[in-house]
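Please read it alongside the coordinates.

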Amino acid sequence: MAGQGTPATALLSRRKISHSTHPYDVSPDASNYGGLVAAALGVPPERVFKSLVTEVDGGLTVAVVPVTGELDLKALAAAVGGKRAALADRTVAERATGYVRGGISPLGQRKRLPTVVDASALDHPTVYVSAGRRGLQLQLAPADLVALTDAVTAPIATG
């Protein structure tokens, strides 16, 4: 499809990383958004990951966790050697990443942020993350996601 490119897909193409894109149609305001995205894609929800921009000790950090659980803020802070973590303000998150809520990708962000990927991602041959636009997911190997984001992996999800 023409016009499907995002900074995230451009990065993957430039680096010649194996991936595929998957469009879906789910309202960003729907409750259980992640679960609905997984259902729309026809994949187990534990393979679909959301990207949450957080503040750890005053600095921004991206947490990538499965849509089946919640982010454990204490575990996230510990994973990056911090003391306190909280979700970042939506405007701050959008400004730092260059993406809008519901379409924040861990890849191709405007400002490269420290990233922590939940360790459960490594349990799957491929995972799904936002491609950088609402209604579009990327499927790629978790090792590639970790390498491209220079991420730390740690158990940062609950549930």
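In which sense do β3 and strand β6 pair, and over how many bridges?

1. Pairing of β3 with β6. The two strands run parallel, and three bridges connect β3 to β6 (residues 115-118). In this pairing Val-64 stands opposite Val-117 of β6. Keep in mind throughout that the model is predicted.

2. Pairing of β3 with β2. Here the sense is antiparallel, and the two strands share eight bridges. One of the pairs is Glu-55 with its bridge partner Leu-60 in β3. The strands β2 and β3 make a hairpin with two residues between them, and Asp-57 in the turn has a positive phi of about 50 degrees.

3. Burial of β3. Of the eight residues in β3, seven are buried, so the strand is largely enclosed by the rest of the structure.

4. Thr-68 sits in the loop between β3 and β4 (70-71). Beyond its neighbours within four places in sequence, Thr-68 is in contact with Pro-45, Glu-46 and Gly-159. The C-alpha atoms of Thr-68 and Phe-49 are 8.4 Å apart, with a sequence separation of 19 residues.

5. The open sheet. Three strands make up an open sheet in the order β1-β8-β7, with antiparallel pairing. Why does one side of β1 and of β7 lack a neighbour in the sheet? Both β1 (19-23) and β7 (127-133) stand at the edges and have a single partner strand each, so one side of each is left without a neighbour there. On average, neighbouring strands of this sheet are turned by 35 degrees against each other, direction ignored. The antiparallel strands β1 and β8 (residues 136-140) are joined by five bridges, and Thr-21 has Leu-138 as its bridge partner in β8.

6. Nonpolar cores. The largest nonpolar core holds 28 residues, and Val-53, Leu-107 and Leu-145 have the most contacts inside it. Two or more residues of this core come from each of α1 (7-14), β2 (49-56), β3 (59-66), α4 (90-97), β7, β8 and α5 (142-149). Another core, of eleven residues, lies apart from it and includes Ala-63, Val-65, Ala-85 and Ala-154.

7. Surroundings of Leu-145. With residues up to four places away in sequence not counted, Leu-145 touches Val-64, Pro-106, Leu-107, Val-117, Val-127, Val-129 and Leu-140.

8. The chain as a whole. Five helices and ten strands make up the secondary structure of the protein chain. Its radius of gyration is 14 Å, close to the 15 Å that the globule rule gives for 159 residues, so the chain is as compact as a globular protein of that length. Taken along the principal axes, the C-alpha atoms fill a box of roughly 45 × 30 × 30 Å.

9. Of the 159 residues in the protein chain, 48% are buried. Among contacts with a separation of 6 or more, 62% join residues 24 or more positions apart. The chain exposes about 7700 Å², of which carbon and sulfur atoms supply 52%.

Key:
Residues numbered from 1 in each chain as written. Predicted model: local features only at pLDDT ≥ 70, side-chain atom pairs only at ≥ 80, totals over all residues. Heavy atoms only, no water. Pairing = 2+ DSSP bridges. Helix = DSSP H or I, 4+ residues; strand = E, 2+ residues; numbered from the N terminus. Axes fitted to C-alpha atoms, helices over the stretch in contact; angles between N-to-C directions. Core = buried A, V, L, I, M, F, W, Y, C linked by side-chain atoms within 4.5 Å. Buried < 20%, exposed > 50% of the residue type's maximum accessible area, 1.4 Å probe, protein only. Contact = heavy atoms within 4.5 Å. Rg over C-alpha atoms; globule rule 2.2 N^0.38 Å. Areas by Shrake-Rupley, 256 points an atom, 1.4 Å probe, with all protein chains shown as cover.
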